[in-house]
Number of protein chains: 2
Amino acid sequence: MNNVAGFKCVDCGREHHVDEVEYVCVSCGGNLDVVYDYDLICSRLTKSSLAADPTLTMWRYRALLPINSSSETPPLTVGWTPIYDCPAVARRLGLKQLWIKDDGRNPTGSFKDRPSALAVVKAREAGARIVTTASSGNAGSALAGICASIGMESIIFVPALAPPAKIAQLLIYGSTVVLVEGSYDQAYDLCLDASKKFGWYQRSTGYNPFTREGKKTAALEIAEQLNWDVPDKVIVPVGDGNIISGLWKGFNDLYRIGFIEKLPKMIGAQSQNASAIVDASATDGILQDQPAHTVADSINVGKPRDATMAVRAIRESGGCGVKVTDEEIIQSIPRLARETGVFVEPGAAASYAALVKGVESGTIASEDRVLLMLTGNGLKDVETARQAAGEPIQVAPVIDLSELESRIVDARNAQKM
Amino acid sequence: MNNVAGFKCVDCGREHHVDEVEYVCVSCGGNLDVVYDYDLICSRLTKSSLAADPTLTMWRYRALLPINSSSETPPLTVGWTPIYDCPAVARRLGLKQLWIKDDGRNPTGSFKDRPSALAVVKAREAGARIVTTASSGNAGSALAGICASIGMESIIFVPALAPPAKIAQLLIYGSTVVLVEGSYDQAYDLCLDASKKFGWYQRSTGYNPFTREGKKTAALEIAEQLNWDVPDKVIVPVGDGNIISGLWKGFNDLYRIGFIEKLPKMIGAQSQNASAIVDASATDGILQDQPAHTVADSINVGKPRDATMAVRAIRESGGCGVKVTDEEIIQSIPRLARETGVFVEPGAAASYAALVKGVESGTIASEDRVLLMLTGNGLKDVETARQAAGEPIQVAPVIDLSELESRIVDARNAQKM
């Protein structure tokens, strides 16, 4: 990874040589940011070299990733997820343009396949036999699935109240699953302690400096898929803050190497029941830990692990945070599905809820070209979505067709209300 | 669709002009097969024209599909799903080569996005406002999602015992859902009666002659993704029989236009609790309806609607049917997930179970290059998979690390047993 110049602590600013650190700042314990040698990258990567590259996964951006040139990447195809233009929704909301990027199409059903795939490459580079992470669900299943694809062992720490489908997914992939009777934040602390003691490779968000780099690949894709003309505003669900900081990193990488001429504003979407980063970015930028209890498990984080960089992404970009209610999140799932054909999990739906609220409040203006980052597949948490989905008609196998017709008409009218 | 020469009844053999029929044979009511003008197709499609085509969805094979040249296709990206080479599994089973094709990566999580996308194009060509289908779950959610993406109404008939996640998915996409208190076969008959009376566009498998054409795109992809060197054997889960007949159609199309030089043997995988097509293909080829009660809902079909062509695919290709137990299906889910990183639903896992059984019985030989068609995402039915997934460790947020370690060691040993 000679494209990496070093690491820089996001808190104290100290710079570290590549070989000097493993995870966090040796001075203050702060998270690290990977610093690149952009001149070298420019000599290796051009728009036309990219256009000629048939690799349609996150690895098409290898020149911008902190991995060794000889490192094998896992076989599951991660990234290069579709972007859909949604003219009808844009029209209804009075927006110039709206796109959605569906990262639920990744192999384990979420955006988290990106950072987990990168972390697994780093784990192999480090000679690790076991990889661990704390997870509210998606990061864990991503790590579990990608580890399974290469025969590496994984141990996943999740809060006991994670959705059953997510816990099942971990077990099915063969992970050793530790359900922690507490919050994600408590699962995180226990996972960290255990990995330090037992020497497992630690993938947890924030502490591992590479997850942000995996996550930035979505921004690289957004820019390239939109022909290097980035959206004005990108709305991102925020839990630990690592996705929004990752996307911001990606856009900045492209700006630095001259692939894009402007940067989007980053808009963080949080539930009002777990809003630490939105609150910090709206005030003095200082994080106040707070209890978290949103139905959107993927963003149910009271003590965000990448807060500094998330707040920086929102502020530097000239964006803002938007808080939505859990009710708005749940209602957004069928609305988005019915308008676009894309079914997302609650965490992802927060970005749509924030869009609607942002339009209402004027934060998002009619001349804006907006992209919603959809971070997880709806099949990850059907139970929650079900609450806002309406009811089927139930009939006997033999029924008078006129009666069937009138029941169908009633059901369709009820749905339209 | 001037590439279509006409339709041919799969039962009585009568040929029909394109404008003469809508769904089934006007003489005997049998299913229809689309007959192509291969000379015209050859003049339009070459391997190099395909190689230069940037379209990476099922629509890259438009020249081989029965749609009008001016027809718009739905925006969701269907098809061009990944094929993974699985050398470790091949080695363990003593096979020359094993690939899996993961169609759970389609937009609504199953293979059925292919036929439903094509049916929606045909519905629009016919000027329909409402599309209907009977479904054991996946065909319905595919139709519901694709209809949502273009603002078309859908009415879906499903057996009341379909997995709750599949029913929820339909409602979330905004379909009107009719739960029929009976089998898939009864839901099918009611859906057919209703569509005839109310003039809805009918997508149901078998009755609609175009679903097979949508399904064949997976075979076209398999051949192209493997550089036109097709597998010796393709193992396909069989319910209505329309997927196996679709794949066989696709391989034959390619053979007819000279893109491939040999045809694979088609192996149908069924549960022994719903084995009408395997039974028919092993005896006189005549279908005997039988009760169906397999845990693999996607292939829980007692009265298969494309039986003639499915049996023909197995017999003409020199393949065979393989029956597996429900227990083998359920156990196959974590095995496949742990060996490949791909989590599939029970119906899809039947192909892996049939592979293992075929190797044991000698039906699949060591020199065979085999591909498993994986037809649905595991997140579609987590409950069933959960039965074979093992148990997590549950701990308090504060725990002695040595105790944690010993519990992790125990769990990992238990998993290996």
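This is a predicted model: local features need pLDDT of at least 70, side-chain atom pairs count only at pLDDT 80 or more; totals for chains, interfaces and linings use all residues.
Biologist: Through which surface do the copies meet?

Modeller: Take the interface residues of chain B. In chain A, 100% of them are also interface residues, so the copies meet through the same surface.

Biologist: Which strands stand at the edges of the open sheet of six strands in chain B?

Modeller: The order in chain B is 4-5-13-10-11-12, with mixed pairing. Each edge strand has a single partner strand, so one side of each lacks a neighbour in the sheet. Those at the edges are strand 4 (83–85) and strand 12 (320–324) of chain B.

Biologist: In strand 11 of chain B, what is the bridge partner of Lys233(B)?

Modeller: Strand 10 (residues 233–237) and strand 11 (residues 265–271) of chain B pair in the parallel sense, over five bridges. The partner of Lys233(B) is Lys265(B).

Biologist: How is helix 12 of chain B set against helix 13 of chain B: roughly perpendicular or roughly parallel?

Modeller: Helix 12 (residues 326–340) and helix 13 (residues 346–361) of chain B have axes 8 Å apart. They pack at an angle of about 85°. Angles of 65 to 115 degrees count as roughly perpendicular. So helix 12 of chain B is, to helix 13 of chain B, roughly perpendicular.

How values were computed:
Residues are numbered from 1 along each chain as its sequence is written. Chains are lettered from A and ligands numbered from 1 in the order in which they are written. Axes are lines fitted to C-alpha atoms, for helices over the stretch in contact, and angles run from 0 to 180 degrees between N-to-C directions. Helices (H or I, at least four residues) and strands (E, at least two) are DSSP runs, numbered from the N terminus. Angles under 35 degrees count as roughly parallel, over 145 as roughly antiparallel, 65 to 115 as roughly perpendicular and the rest as oblique. Two residues are in contact if their C-beta atoms, placed from the backbone, lie within 7 Å. Two strands pair if DSSP finds at least two bridges between them.
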